[in-house]
Amino acid sequence: MSKYVITLISFCLLFKTAATFAQHDNHGQLAADQIGSTNVKFETSCAPAVSDEFNRAVALLHSFWFAEAVAGFEQVLTTDANCAMAHWGIALSHWGNPFAGLRSPVQLSRGKAAIDKALSTGSPTQREQAWVDAAAQLFSDDQSSTQRARVLAYEQAMENIVKAYPEDREATIFYALAVNQTALPSDKTYAQQLKAASLLEPLFHEDPQHPGLAHYIIHAYDHPPLAEKALDAARRYAALAPAIPHALHMPSHTFTRVGLWKESIETNLRSAEAARESSTAGEELHALDYQTYAYLQTAQDKAASKVLERAMALVEGVDSIAIGATGAGAFATAAIPARYTLERGAFAEAAALTVHPGQPYTEAITHFARALGAARSGNPQAAAADVERLAVLRDRMIEAQDAYWSEQVEIQRQVATAWMVFAEGKHAEGIAQLEAAAAMEDKTDKSAVSPGPLAPARELLGFMLLDAERPDQALPAFEATMIKEPNRFLSLYGAARAAGAVGDAEKEQRYYRQLLEVAGEADTDRPELQRAKSALGLQ
């Protein structure tokens with residue numbers, strides 16, 4: 001067994017999942033309009049008495065409230081023990097967030113157990129058997145190396161169901177999600193995402209109150225060139241399932257992509273509150289990460305500090321995280337303190353961050369921040385150990401055959417190395433290395449677990465070029481970053497500085513005005529804001 005798998009199992013066992021299930025038994029107390037189940041109509045051959053409960057559980061599944069969905073499907077089984085499709089729902093709930101990366105052995109084992117029960121329960125119809133057989137593809141083995149093949153097999157099986165039962169709207173919805181799940185982050189044509197959207201959009205036009213349609217449209221368009229297409233769904237989704245933390249959070253994926261920070265903050269405040277009320281720590285941490293990112297883009301550093309305090313207190317006090325949210329919670333635990341230091345330019349603070357054991361890609365977050373902080377605060381020697389650790393963590397991800405996260409950690413290693421080399425006085429070498437890292441990052445995409453990179457490589461390249469007194473090259477680096485990450489505080493500031501250095505007064509003032517507009521509710525007077533006001537004659 002690989003060290004990565006051992007680490008992952010240890011991390012999962014850290015949280016008492018049994019307690020999680022005990023906490024999530026209140027779904028039946030929530031009205032249909034609080035979870036969006038009114039418009040979910042999933043036909044089954046189960047007893048008519050469980051129809052409403054089954055639809056409620058599917059609605060919870062559509063909004064990725066997985067522990068609650070399991071509880072709902074188990075409630076169905078207490079009334080109709082022969083409902084094979086309830087076991088299907090439990091299995092898919094254990095699969096969890098389709099965009100969450102490699103599954104742990106624990107998840108796969110639980111999902112496989114549910115599939116086995118579905119295959120041996122009651123007398124499902126031919127259509128229902130097809131649903132069970134499709135989900136079984138996801139759990140056909142527990143090897144990380146076969147996960148993509150299993151996901152592709154699931155997609156094909158769902159396509160076959162849609163072809164056989166074209167009137168089955170829920171089949172089309174789940175098929176669209178399966179299509180999107182197979183998209184590769186390196187495919188900049190977004191073929192799979194657009195295919196998924198083409199399946200969902202007509203149904204959403206017919207039924208804009210269906211939570212799954214709104215949710216999956218946001219995911220389909222969760223990419224810089226596509227994000228504005230999701231604004232209608234984003235502005236509707238939270239109201240469709242206002243009791244569900246993930247439904248309240250998901251609109252911020254779109255708001256983040258288009259730089260609507262106020263909207264992102266507001267919806268994540270609601271999400272975090274709902275998560276606290278339902279004791280779903282992983283969902284709260286996920287919302288807090290997005291809150292932190294948005295607060296920092298608007299220079300609301302005091303607000304971000306309070307979020308950081310809440311997150312750390314939550315981590316110390318939590319004894320369980322809901323199914324499927326462990327990865328998001330662990331990511332946020334590492335990302336929030338790293339963001340808080342790097343976005344504020346507090347590089348000495350970043351260099352002193354404490355590393356907490358976890359999954360390799362979450363541990364890498366802290367090592368990256370430490371290395372970058374040490375190099376940019378003038379202590380490149382201190383960065384070396386963290387750079388070496390990033391290489392070790394990358395190799396663990398390669399061993400686990402996790403292509404996405406191994407690449408992301410390698411990008412972090414290259415960025416940190418470039419800054420370490422630059423800080424040692426090897427400017428040309430550092431710039432060349434960072435240009436290569438930025439090009440590598442351009443070809444991939446952020447994970448759905450994150451609102452954005454800890455520090456975009458091309459933005460960092462812009463600052464390195466400014467430090468090297470090459471503002472003519474720095475300006476296009478910042479402008480390219482803003483195409484992908486609109487309204488980023490540091491990119492706006494860097495672009496204004498570079499424009500001023502090359503004598504482009506119009507761009508300098510435009511970017512500084514935009515910076516002050518983005519930071520209109522700032523609760524701290526960052527040096528960047530002081531410089532913007534001075535350049536515009538406002539102080």
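Biologist: What is the relative accessible area of E506?
Modeller: In this predicted model, E506 has a relative accessible area of 47%, so the residue is classed as partly exposed.

Biologist: Which side chain does E506 meet in a salt bridge?
Modeller: The partner is R510, with an N to O distance of 3.0 Å. At 32% relative accessibility, R510 also counts as partly exposed, since the value falls between 20% and 50%.

Biologist: How far apart are R510 and E506 in helix α28?
Modeller: They are four residues apart in that helix, which spans residues 505-518, so about one helical turn separates them.

Biologist: How many salt bridges does the count come to?
Modeller: The count comes to 26. Among them is the pair D289 and R339, whose closest N and O atoms are 2.7 Å apart.

Biologist: Which helices hold D289 and R339?
Modeller: D289 belongs to helix α17 (residues 281-297), while R339 belongs to helix α19 (residues 326-342). The pair therefore ties together parts that are 50 residues apart in sequence.

Biologist: Is D289 buried or exposed?
Modeller: D289 is buried, because its relative accessible area is 0%. R339 likewise counts as buried, at 0% relative accessibility.

Biologist: What about D222; with which residue does it form a salt bridge?
Modeller: D222 pairs with R257, and the closest N and O atoms are 3.2 Å apart. This pair links distant parts of the chain, 35 residues apart: D222 sits in the loop between α12 (211-220) and α13 (231-240), and R257 in helix α15 (residues 251-257). Both D222 and R257 are buried.

Biologist: Which residues are linked with D222 and R257 in a network of salt bridges?
Modeller: D445 and K446 are linked with them in that network.

Biologist: Changing topic, where is T267 found?
Modeller: T267 is in helix α16, which covers residues 261-277. Its relative accessibility is 7%, which means that T267 counts as buried.

Biologist: What lies 2.4 Å from a polar atom of the T267 side chain?
Modeller: That is the backbone oxygen of L248. Leaving aside neighbours within four places in sequence, T267 is in contact with L248 and also with A238, H249, P251, S252 and F255.

Biologist: And the backbone: what is the phi of F64?
Modeller: F64 has a positive phi of about 60 degrees, although this residue is not a glycine. Most residues other than glycine have a negative phi. F64 is placed in the loop between α4 (51-62) and α5 (66-79), and at 4% relative accessibility F64 counts as buried.

Biologist: Where does S279 lie, given its positive phi near 60 degrees?
Modeller: S279 lies in the loop between α16 and α17. With 39% relative accessibility, S279 counts as partly exposed.

Biologist: Finally, what is the mean pLDDT of the protein chain?
Modeller: The mean is 92, and 93% of the residues reach 70 or more. Over residues 1-25, however, the pLDDT is below 50, and this stretch has 53 contacts in the model beyond near neighbours in sequence.

Biologist: What is the pLDDT over residues 319-325?
Modeller: The pLDDT stays under 50 there, and the model has 28 contacts beyond four places in sequence for those residues. Where pLDDT is low, the predicted coordinates should not be read in detail.

Note on methods: Residues are numbered from 1 along each chain as its sequence is written. This is a predicted model: local features need pLDDT of at least 70, side-chain atom pairs count only at pLDDT 80 or more; totals for chains, interfaces and linings use all residues. Side-chain values use heavy atoms; hydrogens and water are left out. Helices (H or I, at least four residues) and strands (E, at least two) are DSSP runs, numbered from the N terminus. Buried means under 20% relative accessible area, exposed over 50%, partly exposed in between (1.4 Å probe, protein chains only). A polar contact is a pair of N or O atoms within 3.5 Å; within protein, one must be able to donate a hydrogen and the other to accept it, and residues adjacent in sequence count only if both atoms are side-chain atoms. Contact means heavy atoms within 4.5 Å. pLDDT is the predictor's confidence in each residue, from 0 to 100. A salt bridge is a side-chain nitrogen of Lys or Arg within 4 Å of a carboxyl oxygen of Asp or Glu.
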